[in-house]
Amino acid sequence: MPQFLVAYVRIIEAVNIRIGRIAMYLLFVLAAILLWSVVSKAFFTPALWTQEMAQFTMVAYFVLGGAYSLILGANVRMDLLYGRWSEKKRALVDCISIFALIIFLGVVLWGGIESTIYAFEVGERSRTVWRPYMAPIKIVICSGVFLMILQSFAFLIRDIATLRGVRI
Amino acid sequence: MGYEFIALAMFAGMMALLLTGARVFSGIGFVAVIAAVALWGDRGGYDIAFTTSIKLMNWYPILTLPMFVWMGYVMSETRLADDLYKMFHVWFGPIPGGLAIGTILLMVLISAMNGLSVAGLAIGATIALPELLKRGYDKRMVTGIIQGGSSLGILVPPSIVLVLYSMIARQPVGQVWLAGVFPGLLMAGFFILYVVIRCGINPALGPALSPEERASVSWGERLRLLRAGILPVVIFGAMMGPFVLGYVSLVESSVIGAGIATLLALVKGRLTRQVWETCVTNTLGITCMFMWILLAAMAFGAVFDGLGAVRAIENLFLEDLGLGPWGVLILMQVSFLVMGMFLDDTAMLVIVAPLYIPLVAKLDLGMPPQDALIWYGVMYTITCQVAYITPPFGYNLFLMRAMAPEHVSLADIYRSITPIVAIMILTLAVIMLFPDIALWLPHQVYGQ
Amino acid sequence: APIKWRLQTYAGAALGEHVTKPAIEKFNKIAAGQMEIELYFADQLVPTSELFRAMQNGTIDAVQSDDDSMQSPTEVTVFGGYFPFASRYSLDVPVLFNQYGLKQIWEEEYAKVGVKHISAGAWDPCHFATKDPVRSLKDLEGKRVFTFPTAGRFLAQFGVVPVQLPWEDIQVALQTGELDGIAWSGITEDYTVGWADVTKYFLTNNISGAWIGHFFANQDRWNEVPDHLKALMEVCFEQSHYYRQWWYWGGEADLRVNGPKLELTSIPDDEWATVEGKARDFWDEIAAESETKAKVVEIFKKYNDVMAKAGRPYRYS
Ligand code: NA
Ligand code: NA
């Protein structure tokens, strides 16, 4: 395999693992926000920001962790046929079906970028009293989806390598 | 292009893609965005997939998902259920099939402590199954029991499937959860009956513990083991109590549950580095899997709706087929069961439920629409349980294969579920005939 | 039909059955196959927060909403929905738009962002429905309430904690403890959509007499429609505004008197006067934000002044 493709796979996967492992701990940020919501409601006035902040955190958790979850193989496949195929056959079919993933994520990103630009243009804010700007969370979604697309191409390169009998 | 054609093409395209072994969410999402971009014409449509992520973000109760997943992993990985298993082992061991019965009861208690089936399956397959096999229990009977028992996790509250259902049906989660209690117990009862009958006919399927072994456990020890039963009561009570009484919200109760499970694991000193690592990464993996399937399936649903296909299906059921309300209901369940074989249960929930739920509300079933929707949630969940364990596509099958000992073959696992599925369908029929089994408890608690 | 439109309303299915569906069905019937509008309810195709953008892109052709809920990027957004104490009766809204010049301001503001403003109409007054009784301003403190963004901004100064959730989730949120009440509608809507089943008290003091909402369309889609169908659409949407005039007016009175589910409570008039006073401050605060906003606030002031001087039956105090 050409050296730059191998390097691409190595770099992208290293980056995605790193980001995913950081995003993984957003679980506890989420729990902390929700616990603060319980406490502030019980002892002080209910906090205005907890609900939205929790929602933003949840989105960041599964979007930024998305590429890492792909690497972990956490996303189920229907393995009625797939489970019976040889490694080469799987790689061959994956080479084609990966484009379903890339196209889906690509369209999500397309809509996301337009929506982010719009958020900047009009200074879009959420409808709540806390009124956070919406651009940051939209950027987070776009970045996570973009990383997943990069990861999908890394899978594609790996599959092509497998077909050519090379291990990356 | 006709609506019927669009509906058919979208479903067929999705099935074809899933058969290639593509990741489930990518297959669903791809069909959704292609249909939107191609069929919306020059009129936008491409932004539906992204706006779905915003819609998902606004779904507040979905925040319970990572909490329940975390809780389940902490419970199974730190072996919090070990003592519980020993308790049932000692108390039920002496009768034929007793260990299997004990395992079912264990599954019921685990179901009451977490919202998914994964934890139950993991605990059943790693703690109960090796022990049962060692004692000479019939491997097909017990693998089936563990799969059926673990699926109770989504029927007995708390349940993430019922949370998703409530969000789609716009019904109060508290009532929907409570509606699952008696159907869950009924199903567990049927499982026990099944074991009793089979072992009654052929005691070799489930040998009782020998008198020597029984004598080796003192009465003091037996009574001491009963204390293990306190754990599920504490966790279930701490989560459900404040929530049902209205002190905390649903999402907050899930955090409390996750916190208590974590604390218990810490107190027992079982939260090692390695266990921690497994819990954290698996929680991310499972949550991502769910969220991405939800995102793709919700986009699919919105596009399907926007292209008018939902109306076509409504007309088909309500007018073209000329069926009575019960006919429609039965046909819906049957089509659901068939689809459940092939579809992943989360995807099925999000794609099919929005099509069927409005129909249920419109049917004249002799009860108020809200009752009908709560009751349907239970039937719907039982169908999901069936989907969950039936080949060719069932999570339980994959997981069981990964966790079961070597000599339990895939063929054994496939065959083991036949009687279990039959029992689930029997339960479904009973709940359909007697809706009060589901509705009595929510009516009592929330007073209607 | 050769022309097909998707219209998404901000109202959920139960309410849309009254406030939107009849007009759309009439339109489709009279258009006799020349054009068909498909109706979608709250969050069905896109979430309400993305509604405006989706209409601009053409993913949705037309929208029924207030400006506030769908966060239109215009100068007039704060005045949609419930602008505190801007109107007392539902008839105030069409008068303000047709006789006092608001229609022209709205049309210009929306033209700037590529959207056709078709028409404005009034809905119900804005009251609190709560799980615990409200008998003084103090009772409002710390209550988590579902309300419109601008109303929420105004009410926050009285200790109310405004919460935003998808409209369809409100009933459940009241049951699961996420909310203590709503300041979103009159009593008709509380009964129609099931909120009366999950709250106990209805506060007779209101912060606005009528919600301001509109029909909008994507400008390009609107231009493509033949003139006679444009006219038909305008007539049918006017009919929808008229339907709500009598449906809410009659419903509010009837359910207060004969409704079995909600107990009425009131905050004494002199105490409530402080809220009205604060509203005037709020108006000035908003007017200071831009020229257009100042113009709209000026119109509200002028109108309310005329009404007060006209006396009965326009104003009683
Ligand atoms: Na459960
Ligand atoms: Na299945």
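I began with the two chains of this predicted model: 61 residues of chain A are in contact (heavy atoms within 4.5 Å) with 57 residues of chain B. I looked up the buried area next, that is, the accessible area (1.4 Å probe) that two parts lose on being put together, summed over both. Chain A and chain B bury about 5300 Å² between them, with 78% of it on carbon and sulfur atoms.

I then searched the interface for salt bridges (a side-chain nitrogen of Lys or Arg within 4 Å of a carboxyl oxygen of Asp or Glu). The rule finds one. R21(A) pairs with E277(B), and their closest N and O atoms are 2.8 Å apart.

I asked which element gives the most to the side of chain A that touches chain B. It is α6(A), with 16 residues; helices here are DSSP runs of H or I, at least four residues, numbered from the N terminus. I sorted the residues of that side into 43 nonpolar, twelve polar and six charged, with Gly counted as polar.

I turned to the sodium ion (ligand 1). Its protein donors (N, O and S atoms within 3.2 Å for Na) are S111(B), N114(B), G153(B), V156(B) and P158(B), each through O, at 2.2 to 2.5 Å.

Note on conventions: residues are numbered from 1 along each chain as its sequence is written, and chains are lettered from A and ligands numbered from 1 in the order in which they are written. Local features need pLDDT of at least 70, side-chain atom pairs count only at pLDDT 80 or more, totals for chains, interfaces and linings use all residues, and side-chain values use heavy atoms, with hydrogens and water left out.

Conventions: Helices (H or I, at least four residues) and strands (E, at least two) are DSSP runs, numbered from the N terminus. Donors are N, O and S atoms within 2.8 Å of the metal (3.2 Å for Na, K and Ca); water is not among the atoms, so sites may look incomplete.
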